[in-house]
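Here are my notes for your review. Please read them beside the coordinates.

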Amino acid sequence: MKKEIDPKETSRAQAFELWMMAPNPMVTFFKTIDVTRIVRVSKKRGLKFNMLLDYCIGRAASSVKEFYLLPVGDKLMRYDSIAVNTIVKNAEGEVSSCDILYTEDLDRFNRDYQERTAQVAAKCQDLDLSDECMVIGTSAIIDTEIDGAVGMNSGIFNNPFLIWGRYRKKWLRYKLPISFQFHHTQMDGAHVGKFLANLQEVINNLH
């Protein structure tokens with residue numbers, strides 16, 4: 001569920017004044033993360049790499065309170081839950097969008113991921129939770145290795161967004177460069193730094 005809140009009653013009051021009307025309020029960070037643990041869990045348990053990474057993203061974000069806020073239009077909205085979006089190749093050979101509600105239970109998240117992505121692929125229809133959850137966008141360009149990407153600033157889609165390509169193996173470790181785009185009204189660099197540190201810690205403790 002979401003509700004409009006008064007920015008002046010939040011820690012984002014100054015950021016709201018500074019960045020809501022800025023011509024380009026989106027900021028992108030680049031970071032290389034160690035995904036060795038995800039690769040190993042994926043192989044051991046037969047789970048999809050991208051599902052596991054989406055789960056880790058949701059878990060890392062869930063402990064950063066700024067992720068529950070989002071500028072929508074000219075308003076600031078507060079949500080009580082988070083979802084992670086994934087892009088699905090559908091039955092027509094095109095792509096569709098699928099939101100998966102984050103839950104701390106990995107097995108449940110995996111079931112929801114499998115069911116919802118299969119439904120989207122078969123029906124070629126997006127599954128959207130943006131009216132209920134603060135959605136973190138993701139895009140996996142797995143056909144190639146990339147160093148990062150900068151998303152567009154549409155002025156409509158203000159959600160945080162992660163992009164990555166194919167992970168890289170070096171010796172016995174697997175590394176993945178990612179880019180993270182966010183609206184400056186929603187959070188500052190320090191919050192992003194906390195999220196990225198959380199993400200690496202969640203990945204390292206995945207089992």
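1. Terms for the helix pair. Angles under 35 degrees count as roughly parallel, over 145 as roughly antiparallel, 65 to 115 as roughly perpendicular and the rest as oblique. Axes are lines fitted to C-alpha atoms, for helices over the stretch in contact, and the angles run from 0 to 180 degrees between N-to-C directions. Helices (H or I, at least four residues) and strands (E, at least two) are DSSP runs, numbered from the N terminus.

2. Basis. This is a predicted model, where local features need pLDDT of at least 70, side-chain atom pairs count only at pLDDT 80 or more, and totals for chains, interfaces and linings use all residues. Residues are numbered from 1 along each chain as its sequence is written, and side-chain values use heavy atoms, with hydrogens and water left out.

3. Helices α2 and α3. The axes of α2 (residues 36-45) and α3 (residues 49-62) come within 9 Å and cross at roughly 130°. The two helices are therefore oblique to each other. On α2, the contact (heavy atoms within 4.5 Å) is made by Ile38, Val39, Val41 and Ser42; on α3, by Phe49, Leu52, Leu53 and Cys56. Seven of these contact residues are nonpolar, one is polar and none is charged. Here Ala, Val, Leu, Ile, Met, Phe, Trp, Tyr, Cys and Pro count as nonpolar, Asp, Glu, Lys and Arg as charged, and the others, Gly among them, as polar.

4. Cysteines. How many disulfides are there? The count is zero, a disulfide being a pair of cysteine sulfur atoms within 2.5 Å. For cysteine 56, the closest cysteine sulfur is in cysteine 98, 18 Å away, so too far for a bond. Cysteine 133 also has cysteine 98 as its closest sulfur partner, at 12 Å, again too far for a bond. Cysteine 56 is buried, at 0% relative accessible area. Cysteine 133 is buried at 3%. Buried means under 20% relative accessible area, exposed over 50%, and partly exposed in between (1.4 Å probe, protein chains only).

5. Glutamine 181. This residue lies in strand β10 (residues 173-183). Glutamine 181 is buried, at 7% relative accessibility. Beyond its neighbours within four places in sequence, glutamine 181 contacts Met26, Val27, Thr28, Val150, Gly151, Met152, Asn159, Pro160 and Phe161.

6. Glycine 193. Helix α5 (residues 189-204) holds glycine 193. Glycine 193 is partly exposed, at 36% relative accessible area. Its C-alpha is 9.1 Å from that of phenylalanine 29, though 164 residues separate glycine 193 and phenylalanine 29 in sequence.
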